[in-house]
Structures are given as C-alpha cells and as structure tokens.
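I opened the model to look at one helix and at the packing of nonpolar residues. My notes follow.

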Amino acid sequence: MPKQVKLAAHFPGVNNTTVWSDPRSGSQIDFSSFEHLARTAERGKFDFLFLAEGLRLREHAGKILDSDVVGRPNTTTVLAALSAVTTRLGLAGTLSSTFNEPYEVARQVASIDHLSGGRAAWNVVTSPDAWTGQNFRRGGFLKREDRYHRAEEFLATVRELWDSWAPDAVVGDKENGVFARGIGRFVHRGPQFDIHGEFTVPRTPQGQPIVIQAGDSDEGREFAAKTADVIFSRHGSLESGKEFFADVKRRLPAHGREPGELLIMPAATFVLGDTEEDAHEYAREIRYQQVRPATAIQFLEQVWSRDLSAYDADGPLPEVDPDPDAEPLTWGRVRHEKDPLAVAAKWRTIAEEKKLSIRELVIEVTARQQFVGTARQVAESIDEYVQSDAADGFVLVPHLTPGGLDAFVDDVVPHLQERGVFRTDYTGDTLREHLFSR
C-alpha cells in the first residue's frame, strides 16, 4: 500500500512569501479571511490549518520592516473561533515556550481541544532574543541551549497537566451529587518550573493534543524525536528532504518510538498553470512581486550589516564584504548562519556561477520548496516526495490571502485522490485520528 499524503494549510502572513499588493489579496485580520481558508482546507479534507505567531514585529534600520507587518489577532483566539465554523479540520497554533508559562499554554490548548471536539495542536517554538523579550515583564535573553532546556521541561510540564485528570474523572452522578472524582492535581518541581495546584480543564477528547515542533538544529531534531508528533521542517529539495527524514527517524528508537509516530511535513509553496510553461512563468512573476528591489537590498543588509541602499538591486553583489563586528540592521527572525563572511562567500559563488543580480540571488536563496506545474504534475511531485521518504506530507503556504488555497483543493487534491494516496473523506473525528489512523 502506498503511503498516505498528509496535508496542512498555512495561513499566509504579510512577508516575502505573500503578495499582499495583489488585487485579489484580502485582509490579514478580518475573521472572514481565516474562515475562508479554513473552510477551503476542510473542503479539501486537509489534516489541519496552521497559524504562525510573531511576538514582535521585525525592524530594519530602526523602522518596522514593511514586508513583515502582520497585525494578526492572537493565535488561540482565532483557533477558538474557527472551531465553531469547522467540524473535522485540525487547528494548530504556535505558542512560545520562552515567554509563556506551562499552566496557561496547557489550559489554552486543552480548551481549544474541548471546543473543537479533539482537533487542537500546539506548535512548540523557542524565542531567541532579548529584543523580543522587551515586550514581556520578564524580558531578558536565554542562550540557545537554555532555550531548549526550558522548552523540553515546558512541554513535559504541559503534558503532566493534560494527564492530571483521569479519562473517567468527570462522572456527572446527579443522583449522588458527584460531578467529578479525582480533580486534576499536579506537582512539578524542576530546574525551570516549580508549580503545584489543580488543573482546571478535564482531560481532553484527544487526551494529549498534537504537538508540532519546528526546530532544524541538532538540538531541535533531538527534541522533536523525543517529544513531537509532527516536525514542521524547512528542507525543500528531494535529496535534502531524504537526508533530514532519515536523520530524524533514526533518532526515534532511542526514545522508545517507532518511525510512524513522528510525521515530517516541510513548508511548501505551489504554483499551478494550464501548462508547465505557464506555471513556471507565473511562478517567476510571483517571485518578482515577492522580492521587490527594496526587499532584496534589505535582505542583503541583514548579512552585510551595512547600508547598501546605494546599490542597484538589479546589479551585481557589493564588492565590499560584510562587517562581522557591526550591530545588526535587522532585528527579529533573521535566519542566516552566524558567520556573515561565510554566507557572503557562499552567495558570491552562487551569483558568479549563475550570473545573478542581487535581486535574482535573493530569489534564489530564499525559495522554499516549490511545486510548479499543472495540477497533475504537482500531485505527482508531492506523491514522489512522500513515497520516496523525503516527507510524510506538506504544510502548504499559498501566496494569496485568503483564496490562495482554492485552486489546489479544486484541481490538485482530486489527482492525489485518484492516485489513492489522499483521503476522499475524513474517517475520524480528531486530529490524532487524521494523522495516525491506518
């Protein structure tokens, strides 16, 4: 039997994966946008909807980075509202383990699991810097290893809270006036958290809501292998996907887990056309809309830590090297290696070999896994990745809000269903059943 493809829909933010200036692009904050994407994903029988969350807007050269102004409502608020307009779709949200507390996160996710009838998931992330921490009472900065130590104990504590109510604790015995036996009392004492009390939310329909983890470092991979149900990964090519897949799956037995207990779902974009040529031309247009000249220069300045505004985005890379000792120009979620000189050297090699301008280079190095072609070709490519053990499925990131998923559901999903690798209807009620039922 072929492996079944897992699919999730990522609500796109205003960033360089989104074409917010497109006339068809809608609001990032109106509930109608969230509802449209969720209903579309459920119509396509997707496993879950995924919401990212930023705790501070990125800044560049002292100003808000205009390509990253999201302005979205709180994640758990949106998911709670979506639970009322969907019936089967999983609802996944990102919540930081650095600037939250286990009790509040456990309560929020458990509440969504109850409201949705067992469809909640939590994407566990760490927040890396004091700059983000300035928005919080605690503030401060945690070193990388300390963030993971906190995250690991944070998740373990949340699981203890979810398990503190027995499955049969709520008896509702009206005749004898007994509502519950064995209220969820807990005691946790560890290096990060020392808490005790009574958890206010009974055991949820899933028992343990789904846990997603987005780390790619060695620490992140080990953390996911030990604790997560799903990895939201960044590995795009077939070969790098296979390497990541094999590396993470081989770590599972050390934690008493089987390969099928952890799903790997990279982020992916897609572009459809009536012909392959049409799709590739449209994909090129989208990338040039996403990476405007100013965006390309700003992206380069993140590595160079220099004012490069005098350079032409359609010209060659600067002759000057990055300043490794300068204060960064961009604050918040900059994903580059720590050595700017090494990054610049790598990018120079790519630009020289492919004869790329600054803008073309940025397009080259920022491309996510992208499925481009006719609907049938895209379905075949997705299936190839899954059957080749480069992924278990994908978290699809459309470039338009909120209608960017419509064409995929209408045109690609039927081809996956014809191939016998994607459900034609839901067979369970909970997200855990969607993801792990045979």
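The face turned away from its buried side carries the exposed residues E352 and E353. I kept in mind that this is a predicted model.

Next I took the length. α10 runs over residues 340-354, 15 residues in total. From first C-alpha to last I get 21 Å, close to the 21 Å expected at 1.5 Å a residue.

Then I listed the buried side. P340, V343, A344, W347, R348 and A351 are the buried residues of α10. They cover an arc of only 135° around the axis, so they sit on the same side of α10. Residues three or four places apart point the same way because an α-helix has 3.6 residues a turn.

What do the buried residues of α10 pack against? I found α9 (293-304) and α11 (358-366).

I checked both ends. At the start of α10, a side-chain oxygen of D339 comes within 3.1 Å of the backbone nitrogen of L341. After α10 comes K355, with a positive phi near 55°.

I moved on to the cores. The largest nonpolar core holds 65 residues. F46, W122, L405 and F408 have the most contacts inside it. Helix α5 (residues 144-163) gives the largest share of this core, seven residues. Apart from it lies another core, of 19 residues, and W347 is among them, as are A313, I358 and I363.

Last, I looked up W122. Leaving aside neighbours within four places in sequence, W122 has contacts that include G93, L95, V105, F154, V158, W162 and I210.

How values were computed:
Residues are numbered from 1 along each chain as its sequence is written. This is a predicted model: local features need pLDDT of at least 70, side-chain atom pairs count only at pLDDT 80 or more; totals for chains, interfaces and linings use all residues. Side-chain values use heavy atoms; hydrogens and water are left out. Helices (H or I, at least four residues) and strands (E, at least two) are DSSP runs, numbered from the N terminus. The expected span of a helix is 1.5 Å times one less than its number of residues. Buried means under 20% relative accessible area, exposed over 50%, partly exposed in between (1.4 Å probe, protein chains only). The arc is that of the directions from the helix axis to the C-beta atoms. Contact means heavy atoms within 4.5 Å. A polar contact is a pair of N or O atoms within 3.5 Å; within protein, one must be able to donate a hydrogen and the other to accept it, and residues adjacent in sequence count only if both atoms are side-chain atoms. A nonpolar core is a set of buried Ala, Val, Leu, Ile, Met, Phe, Trp, Tyr and Cys residues joined through side-chain atoms within 4.5 Å.
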